[in-house]
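Hi everyone, thanks for coming. Let me put the structure up, and then I'll walk you through it.

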Amino acid sequence: MKLLTAEEVRELDRQTIEQVGIPGAVLMENAGRQAVAHLLRRFGSLRPGPVLVLAGKGNNGGDGYVIARCLLDLGWRVRTLVLGERQAIGGDAGINLEVLLKLGGAVEFAADAAALAEALQRQEPPALIVDALLGTGLSSQVGGLYARAVDWINASGARVLAVDVPSGVDATTGRILGKAVRADLTVTFAAAKVGLAVYPAAERVGELAVAEIGIPAALSRALPDRHLLVEAGEAAALLPARPAAGHKGTFGHLLVVAGSTGKSGAAAMTAEGALRAGAGLVTVGCPRSIHPTLEVKLTEAMTAPLDEVDGGLSLQAQEQVRELWAGKQVLAIGPGLGLADETRALVRHLVRECPLPVVLDADGLNSLEGKPAILNQRTAGTAVLTPHPGEMARLTGLSIAEVEADRLGVARRFATAYGAVLVLKGARTVIALPDGRLRINASGNPGLATGGMGDVLTGLIAGLIAQGSPAEEAAVLGVFLHGLAADRLRKTLGEAGMTASDLLRELPAARRELTQQGECNAQG
Ligand SMILES: NC(=O)C1=CN([C@@H]2O[C@H](COP(=O)(O)OP(=O)(O)OC[C@H]3O[C@@H](n4cnc5c(N)ncnc54)[C@H](OP(=O)(O)O)[C@@H]3O)[C@@H](O)[C@H]2O)[C@@H](O)CC1
Ligand SMILES: [K+]
């Protein structure tokens, strides 16, 4: 699904009004009526109310007046509380406010804290609140009156419909500007906004419905697909072909450099992730002392012992790895490598020098702490980095809280600065592409939050690159398949207790499901 920024939606509104000539009041009427249709579907049993519409000074409040009017007509008990003076409400919102007043709608105005407190105290406890305080016009931290109203909504115990955006959520970045309404249902207009698809915003959105409000389809289509929510349809379109006459060479050969004493499992799961992704051949380079263990653990993959120091790879392994990557399609490096200084130096050297696409994870990422500019020194092949928020914090020097508060911005800034594909893991994994486009993954569940799942993902992405997928597509598809396998497992195993080994076994079936979906899509 195409995702738009707040600016893009505002531009669509502007073109519709100024170039096409559809009045803004018509769009507002459509928006309000669409919101009411979704309200009746979801909260119809709450009729006749009481409903409280909380309206801000802008057009988001304007939608709120339309909603109040429609609900009155349908026999609901509705009160409207405006955060501002009556004279401050102008434009299309002003028109709809006057209409509501003429029809006898109960409307109060509160322009300061005392008036707001008094007005809220007087309210009969609402069964449903319509949050029409702030929409795409949010321009600063929510404070003062608006902050009080947001706190009151969240503490009210009422069901909440957010108009366009939960007030306080930045529809472009997904950040919460100070505080934000927690909605049960958000009806967003014209297109899904990119910020609503990611955390922390997604947690405030509740159910998301996208409502068409009369923007001509030709205008929407003319906008390029810069940001996407990746669901089955988008992922299926990225599956690499499996030629009927293919042999194992056709499906690529990748090199995994992974493992250290106590972490041989990470190397094994990366290799198996690649094989379960459909890669033709996998070779694992690992420290000499764990090589016998990997020989036993891995049946299908080839293994190569590399020079080590204290259980981790030594700098001397450079030449051995260079020889191993000759003739391969991709290098997956990092899982379980440990954090010995020599190993970190080796990883930095290999990442800089490797002429292949590289998938970098776990301890490999930590090797780049303070030195991400090494990525700019690569001369060939795209780098895909797959950090969880803790690794992202170390890569960027931010705190984990700062990473989590602005997942889209942090991922995008890194991807564009270092020319890499940045996969920021977590609920609604963000994949930021080097040109600034964003992909947000819709599959997956908390069952993935267990050891080894990241190693499987590294192998999966590298395995798809080995089969010929461009690195950007492999990252998007790999993340989706990983989540899809977990979603399938949740149906049979449940969420708690699924392991990375379970996920490995489920991957081929997940890929088959997606292939079938792609065939259905192709048949139209
Ligand atoms: N014709 C159209 O375009 C259509 C638009 N539609 C609807 O309009 C919405 C966008 O409307 P909008 O642009 O008027 O902005 P909106 O979200 O109401 O907020 C602006 C007001 O809030 C204020 N404000 C900002 N930040 C604040 C803060 N932190 N704390 C407190 N106040 C703050 C800001 O004040 P200012 O910063 O200007 O002083 C201004 O007064 C959109 O989401 C959709 O619902 C639909 O009806 C379809 C047709
Ligand atoms: K709102």
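Across the interface of domain 1 and domain 2, the rule finds one residue pair in polar contact, both at pLDDT 80 or more; a polar contact is a pair of N or O atoms within 3.5 Å, where within protein one must be able to donate a hydrogen and the other to accept it, and residues adjacent in sequence count only if both atoms are side-chain atoms. This is a predicted model: local features need pLDDT of at least 70, side-chain atom pairs count only at pLDDT 80 or more, and totals for chains, interfaces and linings use all residues. Residues are numbered from 1 along each chain as its sequence is written, chains are lettered from A and ligands numbered from 1 in the order in which they are written, and side-chain values use heavy atoms, leaving out hydrogens and water.

And salt bridges across that interface? The rule finds zero, looking for a side-chain nitrogen of Lys or Arg within 4 Å of a carboxyl oxygen of Asp or Glu.

Where are the two domains? Domain 1 is 2–223, and domain 2 is 234–241 + 249–523, with bounds from an automatic or database domain assignment. Their centres, taken over C-alpha atoms, are 42 Å apart. Eleven residues of domain 1 are in contact with ten of domain 2, contact being heavy atoms within 4.5 Å.

Now to two residues, Val165 and Ser167. Val165 counts as buried because its relative accessibility is 0%, and Ser167, at 1%, is buried too; buried means under 20% relative accessible area, exposed over 50%, partly exposed in between, with a 1.4 Å probe and protein chains only.
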